[in-house]
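Here is a set of questions and answers on how the labels given to parts of a structure follow from computed values. Please look at the sequence and the structure first.

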Amino acid sequence: MPKTASLNIRLDSDIKKTAEAVYSHYGLSLAEAVTVFIHQSCNIGGLPFDLRPSRPNAETLAAMAEAERISRDSSVKGYRDMDELFKDLDADE
């Protein structure tokens, strides 16, 4: 059996709880998840994910611009919640 080494880390308790919930979904403990992360880092020779900030694609940017335009349009009714919107939609049918 290969030798093992210990790793002690300090982590914000809320982040730890959230991470434990995420990894438990995959049947992993936090320690097992860290081991998987380290193995994957070694396999690819770096971090197993991209650190660049994610940027919205062109379709998302267009949708965001349209939403902004609509929000500034005085002829568009502002809804307080989805129930109010669906009530109007049902009335139109």
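Q: What makes Arg52 count as exposed in this predicted model?
A: The relative accessible area of Arg52 is 64%, and since exposed means over 50%, Arg52 is therefore classed as exposed. Its place is in the loop between helix 2 and helix 3.

Q: Why is the contact between Asp50 and Arg52 called a salt bridge?
A: The side chains of Asp50 and Arg52 meet at 2.6 Å, N to O, and because the rule asks for a side-chain nitrogen of Lys or Arg within 4 Å of a carboxyl oxygen of Asp or Glu, the pair qualifies. The side chains of Arg52 and Asp50 are also joined by a polar contact of 2.6 Å, a label that requires N or O atoms within 3.5 Å.

Q: What makes Lys16 and Glu20 a salt bridge, and where do they lie?
A: Their side chains meet at 3.4 Å, N to O, which is inside the 4 Å cut-off for a salt bridge. Lys16 and Glu20 both lie in helix 1 (residues 13–24), where they are four residues apart, about one turn of the helix. An α-helix has 3.6 residues a turn, so residues three or four places apart point the same way. Lys16, at a relative accessible area of 37%, and Glu20, at 31%, are each partly exposed, because these values fall between 20% and 50%.

Q: How many salt bridges does the rule give?
A: The count comes to four salt bridges, including the one between Asp50 and Arg52.

Q: Why is the aromatic pair called tilted?
A: By the rule there is one aromatic pair. The rings of Phe37 and Phe49 have their centres 6.0 Å apart and their planes at 35°, and since pairing needs centres within 6.5 Å, while stacked means under 30 degrees and edge-to-face over 60, the pair is tilted.

Q: What parts of the chain does the pair of Phe37 and Phe49 tie together?
A: Phe37 lies in helix 2 (residues 30–44) and Phe49 in the loop between helix 2 and helix 3 (58–72), so the pair ties together parts that are twelve residues apart in sequence. Phe37, at 33% relative accessibility, counts as partly exposed, and Phe49, at 46%, also counts as partly exposed.

Q: Which side chain reaches the backbone at the start of helix 3?
A: A side-chain oxygen of Asn57 comes to within 3.2 Å of the backbone nitrogen of Glu59, and a polar atom of the Asn57 side chain also lies 2.8 Å from the backbone nitrogen of Thr60. Asn57 is found in the loop between helix 2 and helix 3, and its relative accessible area of 45% makes it partly exposed.

Q: What is found at the start of helix 1, and how does the span of helix 1 compare with the expected value?
A: A side-chain oxygen of Asp12 reaches to within 2.9 Å of the backbone nitrogen of Asp14 at the start of helix 1. Helix 1 has twelve residues and reaches 16 Å from its first C-alpha to its last, close to the expected 16 Å.

Q: Which element gives the largest share of the lining of the largest pocket?
A: The largest pocket has a volume of about 370 Å³, and of the 13 residues that line it, the closest to its centre are Ala5, Leu7, Ala31, Val34 and Thr35. Helix 2 gives the largest share of that lining, with five residues.

Conventions
Residues are numbered from 1 along each chain as its sequence is written. This is a predicted model: local features need pLDDT of at least 70, side-chain atom pairs count only at pLDDT 80 or more; totals for chains, interfaces and linings use all residues. Side-chain values use heavy atoms; hydrogens and water are left out. Helices (H or I, at least four residues) and strands (E, at least two) are DSSP runs, numbered from the N terminus. Buried means under 20% relative accessible area, exposed over 50%, partly exposed in between (1.4 Å probe, protein chains only). A polar contact is a pair of N or O atoms within 3.5 Å; within protein, one must be able to donate a hydrogen and the other to accept it, and residues adjacent in sequence count only if both atoms are side-chain atoms. On a 1 Å grid over the protein atoms alone, a cavity is a set of points where a 1.4 Å probe fits but cannot get out, and a pocket is an open set with protein on both sides within 12 Å along at least five of seven lines; lining residues have an atom within 4 Å of a point. Grid points are joined across faces, edges and corners, and a volume is the space filled by probe spheres set on the points. The expected span of a helix is 1.5 Å times one less than its number of residues.
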